[in-house]
Amino acid sequence: HESNSKNAGGSSDENCKPTASLSDRFIPNRAAMDMERSSHAILSRSYESESSIGTDGEASEDEDTTTTSVASDMSEYKSSVLGIDDSKSRILSFADKAPAPKGDTVNNLQVLYSASTSSRKNKSSTKLVSRHIPSAPSRILDAPDLLDDYYLNLLSWSDTNVLAVALSQTVYLWNAETGAIDELCNVEDQGPDAHISSVSWIQEGGGHLAVGTSWGKTQLWDVRAQKQLRQMDGHSDRVGALSWNRHVLSSGGRDNLIINHDVRIAEHKVANLMSHTQEVCGLAWSPDGMTLASGANDNKLCLWDAAASSRSRPRYELTDHQAAVKALAWSPHERNLLATGGGTADRCIKFWNTQSGSMLQSVDTGSQVCALQWNPYEKEILSSHGFARNQLCLWKYPTMAKVKELEGHSARVLHMAASPDGSTVVSAAADETLRFWDVFAPPSKSRDGKRGASDLSGGAKSKNLSRTMHIR
């Protein structure tokens, strides 16, 4: 347009006014345009341009001065009365942002002036992992004859700091304070194929241990007196999952049944819960004792009300997993938040709102999920896995950003349990070892080498990480 104006008027640039363009143009977005103002601006400039050119084709200086004065007065009038600022108005307006530069483009000024901002962002993201998480276990215990069976639950840690582990036909107790190892019970008299299929400590006091057997009996043991208090029937096959809710013990078996036992009374069976069509391999009561979560080899997750009877159906039957659901963990931070993990064909950790039955999110971990453990101090969850890396993964919830990977086991990590103070997690794997990880240190815990729950008060220091003890 500049060359056309010069040719038409034959005058200098400062005396020329742009002429109206009659050519059509593509307007990609009209949402941010003021059409009335744009029309007024175009017509005003067209009128001013025509009045500034004389009859002989040359601009008249008097008329040009008058026009400029009128235009200035009009601009001031619109600015003061109508609130219109011509200097900021645009005929065309693009609402979308300009395309981002190519990935290999480096803006040195942006790098310089955004350094402090990026450092603040890094500081906020690394705050999630600001504590030191050792990559190596603080202690390793040898656990010979630990059964390599995904559907069993062979590890439990009491609130009195005693770890119970089932090794084939025997239950052993390891005292984390003294390092003492005791044999609680043995089922050799039941035949060569008999074995312990599950163990679970009572919630408070740590004086009683429930033991599930391969022949369908559920035993209750007084640990201090080293004697069996009772044996409860109800299952026709092995009992692979146990979970306590105060005085009620729930057991799940390969006969697809879930039985609620009231251990205080002689007629202990208070409910037979039937919904699963294959072996029940995961049971977990919610912290408030209102909901029982069950997972089985039929790929189903069932949620049961505490008041459920033998005629009751689950509150929800959730079928989103594509493999056996064994790993169950209730959040200690949010009520009605449940995490579940699927087997080899699923590989996912899923989060549920158990009040509404809706799935909140799902994360593909890439390998079989064997166990889940929440961090009691922060919104983090630890998962243990099978083939191919047999690792433990620490995730930040709800972003599910991977915080840390812990490697060391040479076979799938079947079980996990947390210490009473919540700072240490023990993992049991098919490589027949127990490994203790100081992964959940409290925020206020000092880093002066305090001994965790996995350190033995009378044994070797945890500095000797390569030391391996036999648990029997």
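Visitor: What is the relative accessible area of Asp148?

Guide: This is a predicted model, in which local features need pLDDT of at least 70 and side-chain atom pairs count only at pLDDT 80 or more, while totals for chains, interfaces and linings use all residues. Residues are numbered from 1 along each chain as its sequence is written, and side-chain values use heavy atoms, with hydrogens and water left out. Asp148 counts as partly exposed, a class that lies between buried (under 20% relative accessible area) and exposed (over 50%), computed with a 1.4 Å probe on protein chains only. For Asp148 the value is 47%.

Visitor: Which residue forms a salt bridge with Asp148?

Guide: A salt bridge here is a side-chain nitrogen of Lys or Arg within 4 Å of a carboxyl oxygen of Asp or Glu. The partner of Asp148 has its closest N and O atoms 2.8 Å apart, and that partner is Arg412.

Visitor: How many residues apart in sequence are the parts that this pair ties together?

Guide: Strands are DSSP runs of E with at least two residues, numbered from the N terminus. Asp148 lies in the loop between strand 1 (139-142) and strand 2 (155-157), whereas Arg412, which is partly exposed at 23% relative accessibility, lies in the loop between strand 25 (401-406) and strand 26 (413-418), so the separation is 264 residues.

Visitor: Which residue meets Glu334 in a salt bridge?

Guide: The side chains meet at 3.2 Å, N to O, and the partner of Glu334 is Lys379. The pair links distant parts of the chain, with Glu334 in the loop between strand 18 (325-330) and strand 19 (337-342) and its partner, 45 residues apart, in the loop between strand 22 (369-374) and strand 23 (380-385).

Visitor: Is Gln219 buried or exposed?

Guide: Gln219 lies in strand 8 (residues 218-222). Its relative accessible area is 5%, so Gln219 is buried.

Terms used:
Helix = DSSP H or I, 4+ residues; strand = E, 2+ residues; numbered from the N terminus.
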